[in-house]
Amino acid sequence: MNTATATSTPGMNHIVVVGNGIAGQTACDSLRTAGFTGQLTVVGDEPCPAYSRPALSKALLTGAGSHELAAPAHGATERLGVAAIGLDVTARRVHLDDGTALAFDGLVIASGARPRRLGKGALVLRTLDDALLLRERLDDRPSVAVVGAGPLGMEVASAAVQAGCEVTVVADTEPMRPQFGAYLSQLFTAAATAAGVKIVHGTATGLDAPTVIVDDGTRIVADLVVAAIGDIPNTEWLEHSGLLTEGRLVADARGRVAPGIVAAGDVTAVPVRGSVRRIPLWNSAIEQARVAALALVRGDAAPPLDAAPYFWTEQFGLHLKAVGHLPVPGDPAFLLGDDPHRPALLHWRHPDGTGVAVALNHRIPIPKLRRAAATGQVPGGSA
Ligand SMILES: Cc1cc2nc3c(=O)[nH]c(=O)nc-3n(C[C@H](O)[C@H](O)[C@H](O)COP(=O)(O)OP(=O)(O)OC[C@H]3O[C@@H](n4cnc5c(N)ncnc54)[C@H](O)[C@@H]3O)c2cc1C
């Protein structure tokens, strides 16, 4: 550990991290790797240790694997089951819902996001508790209506089909088209339909549990309704902090939101290709947290965020790994294979010159996928 770096950050003795998800955990690890030897406290409102959120819909619901993460080695003091309810930037204090406050020299805001809700009676999937409840309900093989046809909704639909349920998806666009683009949307929609999923086009305007009401008047009656209609960043505790711009927490390319305060992960909007927006993805949360932690202890000497996003999904027998900015326009060039149902490597080039590489059913390592995205060529070696 480089202790010289720690002592070269004057006045940075206690760093508080709010949020015990992957961004919070990565920030703690990265601070230690950067040589911060001072006091570290992580506050998380979920009572359990951090876990893999993507594994909830892919592994926990289907029984295909574990959602657990390796035990942390950063030595932070954990305040779990406790929520931050306020931030006083001037006094440099975080107020907690157990009536205590934490004084800090540096602060990492990593409070993530929560699901948008459809109404009472619809389940959501964000936390471990949500996933355990949903898995238990799927065990009874109910008929399921999934509202929302983004990657999360379609993964839930896939898990429900696998559990033997009859599944209807209410989709206000072609499934995953806004996230992936038309080509990949059609591929995954065809796989879902072939697996027996019924897709109802329309916008759910309400829920009269167990009936979903669609804007064209269609009423879908199901034993179980799951809403996957997007997320809302957890910024309420920052409401009086002065850090929000029109309700958004906006960070610079190094994750900085104020002197000695950085943010990372789903809670924050960052500069991306000429705009400022959230990138609510697992690997983006990790990369943002690494950059933000370094910026907290090294300032401008820390490198800015520049990695192309990485995303993956598994559903209806298709495995997708993507590097680059989705959605993609038009049809791809096939770098490997010629059938998207078999192992294949696809490539698109955006008008601004940036590339996107998508591996379908292919075990290509992520660094090679990154090279394929940048070059538009098959990287050497096992790919
Ligand atoms: C089911 C599911 C599947 C997904 N699959 C994929 C995928 O395949 N690929 C992909 O790239 N991404 C996927 N994602 C998205 C990915 O999981 C998130 O982008 C990532 O977890 C964000 O991490 P984070 O640490 O920023 O936020 P979070 O994981 O939300 O962690 C924030 C933590 O802070 C806590 N918190 C909130 N407010 C407070 C407060 N005031 N005080 C204290 N603690 C607080 C929250 O409860 C939470 O524990 C998936 C998400 C879900 C829900």
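## A pocket between domains

The lining of the second largest pocket draws at least three residues from each of domain 1 (3-114 + 231-301) and domain 3 (317-375); these bounds come from an automatic or database domain assignment. The model is a predicted one, in which local features need pLDDT of at least 70 and side-chain atom pairs count only at pLDDT 80 or more, while totals for chains, interfaces and linings use all residues. Residues are numbered from 1 along each chain as its sequence is written, and side-chain values use heavy atoms, with hydrogens and water left out.

The space in this second largest pocket amounts to about 380 Å³. Of its 21 lining residues, Asp306, Ala307, Ala308, Pro309 and His325 are the closest to the centre. A pocket here is an open set of points on a 1 Å grid over the protein atoms alone, with protein on both sides within 12 Å along at least five of seven lines; a cavity is a set of points where a 1.4 Å probe fits but cannot get out; and lining residues have an atom within 4 Å of a point. Grid points are joined across faces, edges and corners, and a volume is the space filled by probe spheres set on the points.

Strand E22 (270-272), helix H8 (282-298) and helix H9 each supply at least two residues of the lining of the second largest pocket. Helices (H or I, at least four residues) and strands (E, at least two) are DSSP runs, numbered from the N terminus. By class, the lining of this pocket comprises 11 nonpolar, 6 polar and 4 charged residues, where Ala, Val, Leu, Ile, Met, Phe, Trp, Tyr, Cys and Pro count as nonpolar, Asp, Glu, Lys and Arg as charged, and the others, Gly among them, as polar.

## Domain arrangement

Helix H9 spans residues 366-375, and Lys368, Leu369, Ala372 and Ala373 are buried in it. These residues lie on the same side of H9 because they cover an arc of only 145° around the axis, the arc being that of the directions from the helix axis to the C-beta atoms. Buried means under 20% relative accessible area, exposed over 50%, and partly exposed in between (1.4 Å probe, protein chains only). Pro367 and Ala374 are exposed on the face of H9 turned away from the buried side.

Just after H9, Gly376 takes a positive phi of about 70°.

The largest cavity has a volume of about 50 Å³, and its lining consists of Asn20, Gly21, Glu46, Cys48, Pro49, Ala50, Tyr51 and Arg53. That lining divides into 4 nonpolar, 2 polar and 2 charged residues.

The second largest cavity holds about 30 Å³ of space. Its lining is formed by Asp252, Ala253, Arg254, Gly255, Ala263, Val270, Gln288 and Leu305. Gln288 belongs to helix H8 and counts as buried, with 4% relative accessibility. Beyond its neighbours within four places in sequence, Gln288 is in contact with Ala264, Gly265, Thr268, Val270, Ile279 and Leu305.

Ala192 is part of helix H7 (residues 182-194) and is buried, at a relative accessible area of 0%. Its contacts, leaving aside neighbours within four places in sequence, are Met154, Val197 and Phe316. Ala192 and Glu155 are 37 residues apart in sequence and 9.9 Å apart in space, C-alpha to C-alpha.

## Backbone exceptions

Most residues other than glycine have a negative phi, and most peptide bonds are trans. The bond from Ala209 to Pro210 is cis, with omega near 5°; Pro210 is in the loop between strand E13 (204-208) and strand E14 (211-214). Leu326 and Pro327 are also joined by a cis peptide bond, with omega about 5°, and Pro327 is found in the loop between E25 and E26.

Arg141 is not a glycine, yet has a positive phi of about 50°. Arg141 lies in the loop between helix H4 (128-138) and strand E10 (144-147) and is exposed, with a relative accessible area of 59%. Glu246 has a positive phi near 45°; this residue occupies the loop between strand E18 (244-245) and strand E19 (248-249) and counts as exposed at 81% relative accessibility.

Methods: Contact = heavy atoms within 4.5 Å.
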